[in-house]
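The following report describes selected features of one protein model. Please consult the sequence and the structure shown below while reading.

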Amino acid sequence: MRVIGLMSGTSCDAIDAAAADLEIEGDTVVLTPLGALEHAFPGGLRRDLLAALPPSPTTMAAVCRLDTLLGQALAAAADRADRELCRGRAELVVSHGQTVYHWTEDGRVRGTLQLGQPAWIAERTGRTVVSDLRPRDVAAGGQGAPLVSALDVMWLRGRPGTPVALNLGGIANITVADGGRGPLAYDTGPANVLLDEAVRELTGGRADHDADGALAAAGTVCRPLLERLLAEPYYARPAPRTTGRELFNAAYLRTALSGFGHLPPEDVLATLTELTARTVADAVRAAGGTEVIASGGGTRNPVLLARLARALGGVPVRVSDELGLPSGAKEAYAFALLGFLTARGVPGTVPACTGARHARVLGSITPGRRGPLPPPAGGGAGPVRLRVSRTGPPRDS
């Protein structure tokens, strides 16, 4: 099945689209990447989205408008990916949408909301759409995250030692594939989200990220600020745990910086980069990780990767490209896999990673113009492994 996965993460920087051929061979899903692209948000959509995210107040009118405009933007990204990556032969689109709120109380996730109305995708592309993947896991008692753990566990199964998959998006999360103690996954804390907020705050909006970590490289870590940041209670909570902009946002950063007078922007960025490196390294060491396989936008920040490598000591850090999955599009490929499993009637969660009572088939299905997908084949256990094939361009059939 030829599948397009769409992902817009906590950083809200663009829509990632990835296309893949997916098929099941025995107990293994074979994923052949067909390419990926980044699709910019149109006009002022990103600005309006960021303005509506926690802790900012919003209105139902704004939510409706964002749901529609995000749906249309996702539809444009899917249509482009179909034409440019699939030669017009995509069979399924899987849309994560844009998380705008993750409702947590006392360590428990009670609800989650992703915007980006899938009807716009189905109408524009004619393809069936799987969307709204997180709520079913939440309804089953899970955190609804990190859902990429399903790909990680299947992909890294059988790899020697205790491999740890790391995603450096707005929020950092890890998946510990096994290591003899069973799989484990959780959000370790902020990755890019506080860095981006700091750049916006400290430059008066003239920039929105620390390109190549240049500002952090020119700064010095402020140890008192780092200790204040590390005292955040979230880091002491047991796994599985999940977080987002509901906690780590511009207001959080302003509170953390209060009382420090005028810190040079470079020192603030250096300290926040060290915070991510330290919290990730602490999580990897606690899991007994023997290697880290990193992906996400943070892998484009050489200063962050260097600080992480230093914090990890002798634990090697490599990017997922080395294993066949492009680091910038790995989450989009993960959602392509999850939607494919849904279309086949196969659960797409690992309860040990999300905290759910049972594995569940994820998402809602919006039929395309060609009608719904054929019913899944019944019987037999679902696949437990993932093999990334590198056979090249899309097939013609």
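Arg 200 counts as buried, at 17% relative accessibility; buried means under 20% relative accessible area, exposed over 50%, and partly exposed in between, with a 1.4 Å probe and protein chains only. The residue lies in helix 6. Helices (H or I, at least four residues) and strands (E, at least two) are DSSP runs, numbered from the N terminus. Not counting residues up to four places away in sequence, Arg 200 touches Arg 46, Leu 50, Gly 205, Ala 207, Asp 208 and Arg 245, where contact means heavy atoms within 4.5 Å.

The model is predicted: local features need pLDDT of at least 70 and side-chain atom pairs count only at pLDDT 80 or more, while totals for chains, interfaces and linings use all residues. Residues are numbered from 1 along each chain as its sequence is written, and side-chain values use heavy atoms, with hydrogens and water left out.

## Helix packing around helix 10

Two packed helices are described by the angle between their axes and the distance between the axes. Helix 6 (residues 193-202) and helix 10 have axes that come within 10 Å and cross at roughly 170°; axes are lines fitted to C-alpha atoms, for helices over the stretch in contact, and angles run from 0 to 180 degrees between N-to-C directions. Helix 6 is therefore roughly antiparallel to helix 10. Angles under 35 degrees count as roughly parallel, over 145 as roughly antiparallel, 65 to 115 as roughly perpendicular and the rest as oblique. Helix 6 contributes Leu 194, Leu 195, Ala 198, Val 199 and Leu 202 to the contact, and helix 10 contributes Pro 265, Val 268, Leu 269, Leu 272, Thr 273 and Leu 275. The residues of this contact divide into ten nonpolar, one polar and no charged. Here Ala, Val, Leu, Ile, Met, Phe, Trp, Tyr, Cys and Pro count as nonpolar, Asp, Glu, Lys and Arg as charged, and the others, Gly among them, as polar.

Helix 10 (residues 265-286) also packs against helix 11 (residues 302-312), with axes that come within 8 Å and cross at roughly 40°. Helix 10 is therefore oblique to helix 11. The crossing is right-handed; a crossing is left-handed if the near helix is turned anticlockwise from the far one by less than a right angle, and right-handed if clockwise. Residues of helix 10 in this contact include Ala 270, Thr 273, Glu 274 and Arg 285, and those of helix 11 include Val 303, Arg 307, Arg 310 and Leu 312. The contact of helix 10 with helix 11 comprises ten nonpolar, two polar and four charged residues.

## Salt bridges

The whole structure holds 20 salt bridges, each being a side-chain nitrogen of Lys or Arg within 4 Å of a carboxyl oxygen of Asp or Glu. One of them joins the side chains of Arg 385 and Asp 27 (3.7 Å, N to O). Arg 385 lies in strand 13 (residues 385-388) and Asp 27 in the loop between strand 2 (15-25) and strand 3 (28-39), so the pair ties together parts that are 358 residues apart in sequence. Arg 385 is partly exposed, at 34% relative accessible area, and Asp 27 is partly exposed at 39%.

Asp 79 and Arg 83 form a salt bridge (3.4 Å, N to O) inside helix 2 (residues 60-85), where the two are four residues apart, about one turn of the helix. Asp 79 is buried, with a relative accessible area of 17%. Another salt bridge links Glu 105 and Arg 110 (3.0 Å, N to O). Salt bridges that share partners also join Arg 47, Asp 48 and Arg 65 into one network.

## Backbone features in loops

Most residues other than glycine have a negative phi, and most peptide bonds are trans. A cis peptide bond joins Pro 54 and Pro 55, with omega about 10°; Pro 55 lies in the loop between helix 1 (45-52) and helix 2. The bond from Ala 145 to Pro 146 is also cis, with omega near -15°, and Pro 146 is in the loop between helix 4 (134-139) and helix 5 (149-156).

Asp 132 has a positive phi, near 55°, and is partly exposed at 35% relative accessibility. Asp 212 has a positive phi as well, near 60°; this residue is in the loop between helix 6 and helix 7 (214-218) and is exposed at 55%.
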